[in-house]
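Subject: Structure for you to look through

Dear colleague,

Here is the structure I promised to pass on, with the sequence beside it. Please open it first, and then read the notes below with the model in view.

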Amino acid sequence: MAGSEVRCALSLVNHKGLTHDIWCAKKDLFSRFQLDPHPGSLPPSARELRVSLVPVTSVGEKSIRHAISERGPITFAEFMEAALYDPDGYYSRRSRTGAEGDYFTAPHAHPAFGALLAVQVWRSWQALGRPREFTVVEMGAGDGLLASDITAYARRLGPEFVASLRYLALDRAVPPATAYPVMSFPLAGGRAEGGAQSGEAETGPPLPAGVTGCVISNELLDAMPVHRFVIAGTQVRELFVALDGERFVETPGAPSSPEIEERVGPFVAALPDGFRGEVNTGIRPWAEQVSHVLARGFVLTFDYGHDRAALYSPERSAGTLRTYYRHTLGQDPFRRLGDQDMTAHVDFTAVDESMISVGFNRLAYSTQREVLGGLGLDDMVERLRSAGLSQADVDANRAGMLELVKPEGMGGFKVAVHGRGVPAGGIFGLAGKAGEMEELPLPLLQDFKPRHRISAAAHTSAASLPTWEELFSDR
Ligand SMILES: C[S@@+](CC[C@H](N)C(=O)[O-])C[C@H]1O[C@@H](n2cnc3c(N)ncnc32)[C@H](O)[C@@H]1O
């Protein structure tokens with residue numbers, strides 16, 4: 001939602017800690033207050049200066065403001081839906097992943113992620129009796145890198161498997177350049193860029209129904225709009241978005257959906273007053289859609305999140321809503337509308353309950369580190385040294401592979417596996433036999449599409465951080 005007209009909120013904090021808010025047009029900022037934004041140039045009486053810029057002229061933002069002025073406060077989920085998915089929302093406009101984007105996901109770290117998922121799909125196919133047609137539906141496929149890596153590695157796993165594999169990559173907001181054909185498809189209540197409604201493809205064939213295979217998603221559920229709430233005494237109050245003059249502000253009210261109280265209610269007594277959190281009501285409709293697609297097979301859900309008791313626990317009192325802009329983490333969703341990503345941790349208890357309610361069994365709930373280790377990542381890292389590579393290539397591949405399993409990073413992401421009509425016990429990864437893995441080719445950065453991050457340091461380099469000018473420009 002780029003805006004040509006920008007207003008500035010200035011907060012000057014004096015030595016007594018008193019804050020004075022001032023609003024003005026951006027063009028007047030420095031002249032009117034004779035300020036220079038660099039440190040050391042504050043007015044003598046100011047201890048601190050905070051400035052935020054609010055673009056006000058984009059179509060999407062105007063429609064949010066219009067909706068609020070017509071209907072009153074809107075849910076945060078409506079606000080997030082517009083900020084991320086409106087035609088000029090974040091996912092429709094920005095190149096969001098990779099070094100020039102705002103964040104990295106596992107497929108960007110190293111092709112080993114896609115290769116190991118290909119191995120998992122291959123094992124699933126074997127476990128289901130090698131069906132002649134085996135369909136993988138990837139939901140929220142983004143730039144198609146995972147789809148590209150899985151299908152590329154699948155070709156190395158035998159002609160019979162490849163002949164049976166049909167891979168469908170879907171996303172509601174398809175980036176302009178993708179590594180694999182991604183079909184524009186709005187899941188679970190969303191609208192696609194072209195206006196197609198949920199359950200209806202904008203281009204290509206409709207969503208398949210009743211297939212045998214796998215449904216895969218990586219970081220899909222965290223990108224769905226969430227409702228926000230606050231605990232006030234013993235009550236759950238939803239946090240709506242309202243306007244105070246030009247500014248978006250939060251305003252508490254009665255929850256807009258019974259699901260909010262159903263999920264949070266059991267934890268209220270143990271949570272401190274003022275506890276804030278999020279509820280994603282899109283999980284259940286998503287599970288229904290998965291059930292429509294998959295008659296028999298496995299559902300693999302990779303994302304960051306927790307079971308519900310951990311999500312709504314005092315240690316997460318400020319909630320888990322986060323923003324990403326140029327690899328910089330933030331917490332203010334009202335800034336840079338349409339230019340920053342928004343995300344919230346996934347309630348994996350809701351994933352489990354929803355999948356069970358539509359007829360699936362829970363097969364595993366684990367971490368990315370455990371699952372990739374079980375599929376053979378450790379062996380792959382070991383084999384790099386004897387693969388005849390230059391030291392630079394060994395280092396780059398090793399760094400990318402280890403990024404996938406860092407305990408404080410992606411390694412701690414959760415993996416939920418559900419199944420229907422599948423044999424009981426042990427196919428999930430997890431029957432990883434070291435000997436069998438050694439037979440498989442090593443997935444190397446240089447052999448795959450050049451969209452993967454080349455070095456573990458790339459995303460933290462100063463070059464990828466926003467400059468003062470970028471942070472304070474209209475975009
Ligand atoms: C964080 S990105 C992850 C992309 C990709 N899976 C990856 O790992 O790089 C989330 C993706 O989910 C898509 N998405 C979110 N909600 C969706 C929905 N209801 N239907 C289809 N795609 C959706 C977004 O458009 C976005 O491309």
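This is a predicted model: local features need pLDDT of at least 70, side-chain atom pairs count only at pLDDT 80 or more; totals for chains, interfaces and linings use all residues.

Residues are numbered from 1 along each chain as its sequence is written.

Helix α10 (residues 283–293) packs against helix α12 (residues 348–357) at an angle of about 40°, and their axes are 9 Å apart; axes here are lines fitted to C-alpha atoms, for helices over the stretch in contact, and angles run from 0 to 180 degrees between N-to-C directions. The two helices, α10 and α12, are therefore oblique to each other, since angles under 35 degrees count as roughly parallel, over 145 as roughly antiparallel, 65 to 115 as roughly perpendicular and the rest as oblique. On the α10 side the contact is made by Ile-283, Arg-284 and Ala-287, and on the α12 side by Ala-350, Val-351, Ser-354 and Met-355, with contact meaning that the C-beta atoms of two residues, placed from the backbone, lie within 7 Å. After α12 comes Gly-359, which has a positive phi, near 100°.

**The sheets**

Seven strands make up an open sheet with mixed pairing, in the order β7-β6-β5-β8-β13-β20-β19, and two strands are said to pair if DSSP finds at least two bridges between them. Its edge strands, each pairing on one side only, are β7 (182–184) and β19 (361–367). On average, and with direction ignored, neighbouring strands of this sheet are turned by 20° against each other. Strands β6 and β7 run parallel and are joined by three bridges, and Leu-170 stands opposite Met-183 in β7.

Two helices lie across strands of this sheet: α6 lies across β5, β8 and β13 (294–303), running at about 160° to β8, whereas α13 (residues 368–375) lies across β13, β19 and β20 (414–420), at about 100° to β19.

A further open sheet has three strands in the order β16-β15-β17, with antiparallel pairing. Here β16 (328–330) and β17 (341–343) are the edge strands, each of which pairs on one side only. Strand β15 (residues 322–325) pairs with β17 over three bridges in the antiparallel sense, and Arg-322 stands opposite Thr-343 in β17.

**An enclosed helix, and the whole chain**

Why is helix α7 (residues 145–154) described as largely enclosed by the rest of the structure? Eight of its ten residues are buried, so α7 is largely enclosed. What covers these buried residues includes α5 (106–109), α6 (112–127), β5 (134–139) and β8 (211–218).

Taken as a whole, the protein chain has 17 helices and 20 strands, and buried residues make up 43% of its 475 residues.

With best wishes

Technical notes:
Helices (H or I, at least four residues) and strands (E, at least two) are DSSP runs, numbered from the N terminus. A residue is buried if 20 or more other C-beta atoms lie within 10 Å of its own, exposed if 12 or fewer, and partly exposed in between; C-beta atoms are placed from the backbone.
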